[in-house]
Amino acid sequence: LEKLTFIPWWVVPVFWIPVIAVLLAVSIGERGLAAARVTWLSLLGLFVWTFVEYALHRFAFHHEVRSPFGRKLHFLAHGIHHLDPWDRMRLVFPPIPAMLIAAPIFALLYVSVLWTAEPLGTACALMAGLLVGYLVYDLSHYYQHHAKPRSRLGRWLKRYHLEHHHKRPHAMYGVSNPLWDLILGTGRASAS
């Protein structure tokens with residue numbers, strides 16, 4: 001399993017951009033949803049991602065696992081990143097486990113929109129936006145660890161995330177944005 005944790009950053013966009021394109025093509029082309037509707041649904045999916053990012057990081061990646069096998073799996077999934085946050089090959093999430101997380105999320109989206117006129121197209125558009133959010137998360141996470149941001153926002157996000165790593169590992173779970181840390185009180189102020 002450990003060999004699957006060595007992933008160069010560029011694998012993430014190479015793998016997921018075609019998936020996003022297919023989801024959008026199914027929504028617009030095959031299922032016939034209007035481009036404006038697909039745009040709004042994708043933006044909603046992007047917003048949903050902000051919570052998924054927070055929830056995965058807080059409740060899955062920082063969950064205290066008790067079983068020996070669970071501890072090993074958890075260490076490979078996220079613990080190794082906290083042990084060595086500067087390892088360039090273990091910073092982005094591998095596509096195979098990401099697909100195992102994405103599949104039930106897509107199923108949940110699909111079930112939640114069964115009441116719409118075109119549930120498959122709607123779920124595909126939502127998932128496309130969610131995956132765009134995932135790309136922003138994974139690539140900004142890599143950038144925060146291995147680049148020198150030039151913008152004020154980029155520098156702030158880098159400081160915020162590195163504070164999670166080095167001072168407050170049980171707070172500040174937002175990586176690409178602090179929205180849910182602010183809403184749920186797990187940001188900088190709560191960790192003091």
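Predicted model: local features only at pLDDT ≥ 70, side-chain atom pairs only at ≥ 80, totals over all residues.

Residues are numbered from 1 along each chain as its sequence is written, and side-chain values use heavy atoms, with hydrogens and water left out.

**The helix H5**

Start with H5, which covers residues 119–146. Helices here are DSSP runs of H or I with at least four residues, numbered from the N terminus. H5 has 28 residues and spans 40 Å from first to last C-alpha, close to the expected 40 Å; that expectation is 1.5 Å times one less than the number of residues. Of those 28 residues, 23 are buried, so H5 is largely enclosed by the rest of the structure. Buried means under 20% relative accessible area, exposed means over 50%, and partly exposed is in between, using a 1.4 Å probe and protein chains only.

**The cavity**

How many cavities of 30 Å³ or more does a search of the whole structure find? There is 1, and the largest cavity holds about 180 Å³ of space. A cavity is a set of points on a 1 Å grid over the protein atoms alone where a 1.4 Å probe fits but cannot get out, and lining residues have an atom within 4 Å of a point. Grid points are joined across faces, edges and corners, and the volume is the space filled by probe spheres set on the points.

The largest cavity is lined by 17 residues, and Trp-49, Leu-56, Ala-98, Ile-101 and Tyr-134 are the closest to its centre. Helix H2 (35–61), helix H4 (95–112) and H5 each give two or more residues to this lining, with the largest share, 6 residues, coming from H2. By class, the lining has 15 nonpolar, 1 polar and 1 charged residues. For that count, Ala, Val, Leu, Ile, Met, Phe, Trp, Tyr, Cys and Pro are nonpolar, Asp, Glu, Lys and Arg are charged, and the others, Gly among them, are polar.

**Salt bridges**

The whole structure has 3 salt bridges, each a side-chain nitrogen of Lys or Arg within 4 Å of a carboxyl oxygen of Asp or Glu.

| Salt bridge | N to O distance |
|---|---|
| Arg-31 and Glu-30 | 3.8 Å |
| Glu-118 and Arg-31 | 2.8 Å |
| Glu-163 and Arg-168 | 2.0 Å |

Both Glu-163 and Arg-168 are buried. Shared partners join Glu-30, Arg-31 and Glu-118 into one network. Within it, Glu-30 is exposed at 59% relative accessible area, Arg-31 is partly exposed at 32%, and Glu-118 is buried at 17%.

**Aromatic pairs**

A search of the whole structure turns up 11 aromatic pairs. Rings of Phe, Tyr and Trp (its six-membered ring) pair if their centres lie within 6.5 Å; planes under 30 degrees apart are stacked, over 60 edge-to-face, and the rest tilted. Trp-16 and Tyr-134 make an edge-to-face pair, 6.0 Å centre to centre with 75° between the planes. This pair links helix H1 to helix H5, 118 residues apart, and both Trp-16 and Tyr-134 are buried.

The ring centres of Phe-51 and Trp-180 are 5.0 Å apart with planes at 75°, so this pair is edge-to-face too. Phe-51 is partly exposed at 36%, whereas Trp-180 counts as buried at 15%. Ring pairs also link Phe-15, Trp-16, Trp-49, Tyr-134 and Tyr-137 into a cluster.

Conventions
1 Å grid on protein atoms, 1.4 Å probe; cavity = no way out; pocket = protein on both sides within 12 Å on 5 of 7 lines; lining within 4 Å.
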